[in-house]
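Take a walk through this structure with the model in view. Keep the sequence at hand as well.

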Amino acid sequence: MEADDGGLEITQQQGAWMVRMWWPVGPINGGPQRITVEAAEDAPAREVARGISTTVLRRLDVAAALKLAKQAPEAQRTLEEAAGKLNEMGEAARLALEGEGVSEQYLTLLVATYTAMADFGAPAPVPWLSRLIGRRPETVKDHLKRARRDGFLTTVAGKAGGELTDKAKAVLEEMAEAGSQRG
């Protein structure tokens with residue numbers, strides 16, 4: 001395993017081939033973003049001349065590499081930092097809900113937190129979000145449906161998440177400007 005500023009690389013040797021799997025800096029929640037297969041330094045020339053076979057590719061142990069990558073200290077540190085930021089975002093949504101009710105600002109903070117959780121790879125963003133804002137999961141789901149209906153969040157069929165709409169981005173910009181004028 002090798003880490004640098006750009007990411008984390010796990011290396012496996014499969015016969016005459018050296019396989020490098022790379023993940024970028026950030027939470028590791030899926031397979032590598034890049035796989036490089038090159039002849040190993042000590043590989044017999046006749047093996048290399050035959051090229052990479054499907055057998056070599058089938059023998060790649062991506063699951064073991066993923067497990068190893070998740071255990072890397074860099075990945076753990078990134079995971080903790082990202083979870084802390086998500087908790088802060090959820091807290092901001094809770095405060096907006098308590099202060100204003102189901103307002104545009106609250107819905108925007110809710111969907112921004114929700115999409116960040118989904119992008120982070122959280123297996124269950126709604127229960128996590130419901131704990132952060134102090135409401136039942138059913139209530140959070142209703143608020144997310146309303147946010148979609150009101151044009152703050154797009155839909156991704158069969159998956160958690162979505163994309164913030166231009167409307168939601170505009171509300172976030174207004175909130176950032178208001179915050180910088182106060183500070």
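The tour below goes from strands to helices, then to charges. Keep in mind that this is a predicted model.

Start with strand 2, residues 7–14. Six of its eight residues are buried, so the rest of the structure largely encloses this strand. Its partner is strand 3, residues 17–24. The two run antiparallel, and eight bridges join them.

Is Q14 buried or exposed? Q14 counts as buried, because its relative accessibility is 15% and the cut-off for buried is under 20%. Now look from Q14 to F120. The two are 106 residues apart in sequence, and their C-alpha atoms lie 31 Å apart in space.

Next comes helix 6, residues 125–133. This helix is mostly covered, with seven of its nine residues buried. Among them are W128, L129 and I133. G134 follows helix 6 and has a positive phi, near 75°.

Now turn to the charges. Side chains of opposite charge can pair when their charged atoms come close. How many salt bridges does the model hold? The count is seven. One of these links R94 and E91, at 2.3 Å from N to O. Both sit in helix 4, residues 73–100. They are three residues apart, so about one helical turn separates them. In general, an α-helix has 3.6 residues a turn, so residues three or four places apart point the same way.

E138 and R136 form another salt bridge, with their closest N and O atoms 3.3 Å apart. E138 is partly exposed at 44%, while R136 counts as exposed at 55%. D150 and R146 meet in a salt bridge too, at 3.4 Å from N to O. Both are partly exposed, D150 at 29% and R146 at 33%. Elsewhere, salt bridges with shared partners join E9, R20 and E38 into one network.

Finish at the surface. E104, E173, E174 and E177 gather there in a patch of negative charge. Which helix gives the most to the negative patch? Helix 8, residues 166–182, does, with three residues. E104 is found in helix 5, residues 104–120. E104 is partly exposed, with a relative accessible area of 46%.

Definitions and conventions:
Residues numbered from 1 in each chain as written. Predicted model: local features only at pLDDT ≥ 70, side-chain atom pairs only at ≥ 80, totals over all residues. Heavy atoms only, no water. Patch = residues over 30% accessible without salt bridge, like charges linked within 9 Å, V, L, I, M, F, W, Y side chains within 5 Å. Areas by Shrake-Rupley, 256 points an atom, 1.4 Å probe, with all protein chains shown as cover. Salt bridge = Lys/Arg side-chain N within 4 Å of Asp/Glu carboxyl O. Lys, Arg positive; Asp, Glu negative; His and termini not counted. Charge placed at Lys NZ, Arg CZ, Asp CG, Glu CD. Helix = DSSP H or I, 4+ residues; strand = E, 2+ residues; numbered from the N terminus. Buried < 20%, exposed > 50% of the residue type's maximum accessible area, 1.4 Å probe, protein only. Pairing = 2+ DSSP bridges.
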